[in-house]
Amino acid sequence: MSEPDADVAGAKPAPSNFLMRVLAALVLAPLTIAVAYAGGWLWALLVTLVSIGLFAEWLMVVGAGSAALTGAGTIVIAMMGACVAFGALKTAVITGFIGGAIGTLIARGKFVWAATGFAYAAAALLASILVRKDLAHGFAALMFVLLVVWATDIGGYFAGRGIGGPKLWPRVSPKKTWAGAFGGFAASLVVAAGFAAFGIGKAVPLLLVSAILSVVSQAGDLFESAVKRRFGVKDSSHLIPGHGGLLDRLDGFVAAILVAWIIGFLRHGVHSAGSGLMVW
């Protein structure tokens, strides 16, 4: 998620745009939390639809959004989502490899970018569903990742707007400042402290994990910004008022949930990644 226009030439963001961002967040955040709490097929359905949207937007950004490629990717991602939701992880992975290979052939000259986009969407799909599927700590782990990413976004937004200063990486994202980066990082630590205060995990490990996820989230944001700059695109779409597209809004989350699942997987295995992330 980008910092506001206040980071550019000292101008403040338009009130109407800021209001749209707030209203969109007030609608989408509770909806996401409610579906995440429900879990099961409902969460898998939401994640699958979003992953399809991520892939479609990626193709549009890189100029490979043909109907054939978008349609093929939609079918494959939908099949993967259904497989994971009902416990057929190996089938989902095999389907992804075969479908991804077919998609790259359809893409022809854009096959590298198409393959990257498919891997990006598929990773978001698998990690998001697998973290939540942990019956013991799946919801807590998913909420931890979501809140760390949201806190990083919000902290970065207001620190960047209020402090400004040197740019983080002007060639890639001219709006982002070092102040915003550190502000987002600090805000993520507050989330970890809050979880520990309520007895949901130990303080030191959660602080370390939140620090990692905050940095990864910001790196994911920069990665998406670099791709858009490479193709001269400002927003991946205009789907979400005030925020742009799904890629614009979820770039940090995709990176963070993937790393969160990897941490959990390395500690407690494929199906207990939530516990691996939260229980130390």
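A: Happy to! Let's begin with Phe-195, which is buried because its relative accessible area is 11%, under the 20% cut-off. Do keep in mind that this is a predicted model.

Now for the ring pairs. The structure contains 11 aromatic pairs. One of them joins Tyr-37 and Phe-139 edge-to-face, with 5.3 Å centre to centre and 80° between the planes. This pair links distant parts of the chain: Tyr-37 belongs to helix 1 (residues 15–38) and Phe-139 to helix 6 (residues 138–162), 102 residues apart. As for solvent, Tyr-37 counts as exposed because its relative accessibility is 60%, while Phe-139, at 26%, counts as partly exposed.

That brings us back to Phe-195, whose ring forms an edge-to-face pair with Phe-144, at 5.2 Å centre to centre and with 80° between the planes. Phe-144 sits in helix 6 and Phe-195 in helix 7 (residues 178–197), so this pair ties together parts 51 residues apart in sequence. Phe-144 is buried, its relative accessible area being 0%, and Phe-195 is likewise buried, at 11%.

Rings also join up in a group: ring pairs link Trp-58, Trp-113, Tyr-120, Phe-223 and Phe-231 into a cluster. Elsewhere, Arg-267 lies over the face of Trp-280, at 3.7 Å from the ring centre.

Notes
Residues numbered from 1 in each chain as written. Predicted model: local features only at pLDDT ≥ 70, side-chain atom pairs only at ≥ 80, totals over all residues. Heavy atoms only, no water. Phe/Tyr/Trp six-rings, centres within 6.5 Å; stacked < 30°, edge-to-face > 60°. Helix = DSSP H or I, 4+ residues; strand = E, 2+ residues; numbered from the N terminus. Buried < 20%, exposed > 50% of the residue type's maximum accessible area, 1.4 Å probe, protein only. Lys NZ or Arg CZ within 6 Å of the ring centre and 35° of its normal.
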